[in-house]
Amino acid sequence: MTEEEAVPTKDAADALSKALEFLEAGSWQQAHEIVQGEKSNVAAWLHGIVHTLEGDLDNARYWYRRAGRDFPGREAAQQEIAAARRKVTR
């Protein structure tokens, strides 16, 4: 991942914010459609959250590794969504 992919652009941040709206609503399928097209570390993190909510924990772990984050487990999904929201909106 290049340095410019580590932090989302403004357009990508808007897309990730929309993905977070879907995650907050429990609509992981719609969030997945957005994050799979993004390349940032934050998008990889959200991709990991998507697969956590889906129940595909092996795939979630993969995406957490891509994001450079420790996988906190399924029970932390809501806290992860809240933390991602704080990251995307600052």
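Predicted model: local features only at pLDDT ≥ 70, side-chain atom pairs only at ≥ 80, totals over all residues.
1. Packing of helix 2 and helix 6. Helix 2, spanning residues 10-24, packs against helix 6, spanning residues 77-89, at an angle of about 155°. The axes of helix 2 and helix 6 lie 10 Å apart. Because angles over 145 degrees count as roughly antiparallel, helix 2 is described as roughly antiparallel to helix 6. The crossing of this pair is left-handed.

2. Composition of that contact. Helix 2 contributes Ala13, Leu16, Ser17, Leu20, Glu21, Leu23 and Glu24, while helix 6 contributes Ile81, Ala84, Arg85 and Val88. By class, the residues of the contact between helix 2 and helix 6 comprise 7 nonpolar, 1 polar and 3 charged.

3. His32. This residue belongs to helix 3, which covers residues 28-35. The relative accessibility of His32 is 19%, so His32 counts as buried; the cut-off for that class is under 20%. A polar contact of 3.1 Å joins the side chain of His32 to the side chain of His47. When neighbours within four places in sequence are left aside, His32 is in contact with His47, Val50 and His51.

4. His51. Helix 4, residues 41-54, holds His51. At 6% relative accessibility, His51 is likewise classed as buried. The side chain of His51 forms a polar contact with the side chain of Glu54, at 2.6 Å. With neighbours within four places in sequence again set aside, the residues in contact with His51 are His32, Asp56, Leu57, Asn59, Ala60 and Trp63.

5. Arg69. This residue sits in the loop between helix 5 (57-67) and helix 6. Its relative accessibility of 34% places Arg69 in the partly exposed class, the range between 20% and 50%. Residues touched by Arg69, not counting those up to four places away in sequence, are Trp45, Tyr64 and Glu80. Of these, Glu80 falls within the residue range of helix 6, and Tyr64 falls within that of helix 5. The C-alpha atoms of Arg69 and Ala44 are 9.6 Å apart in space, although 25 residues separate Arg69 from Ala44 in sequence.

Notes. Residues numbered from 1 in each chain as written. Heavy atoms only, no water. Axes fitted to C-alpha atoms, helices over the stretch in contact; angles between N-to-C directions. Helix = DSSP H or I, 4+ residues; strand = E, 2+ residues; numbered from the N terminus. Parallel < 35°, antiparallel > 145°, perpendicular 65-115°, else oblique. Left-handed = near helix turned anticlockwise from the far one by under 90°. Contact = heavy atoms within 4.5 Å. Nonpolar A, V, L, I, M, F, W, Y, C, P; charged D, E, K, R; others polar. Buried < 20%, exposed > 50% of the residue type's maximum accessible area, 1.4 Å probe, protein only. Polar contact = N/O pair within 3.5 Å; in protein donor to acceptor, adjacent residues only side chain to side chain.
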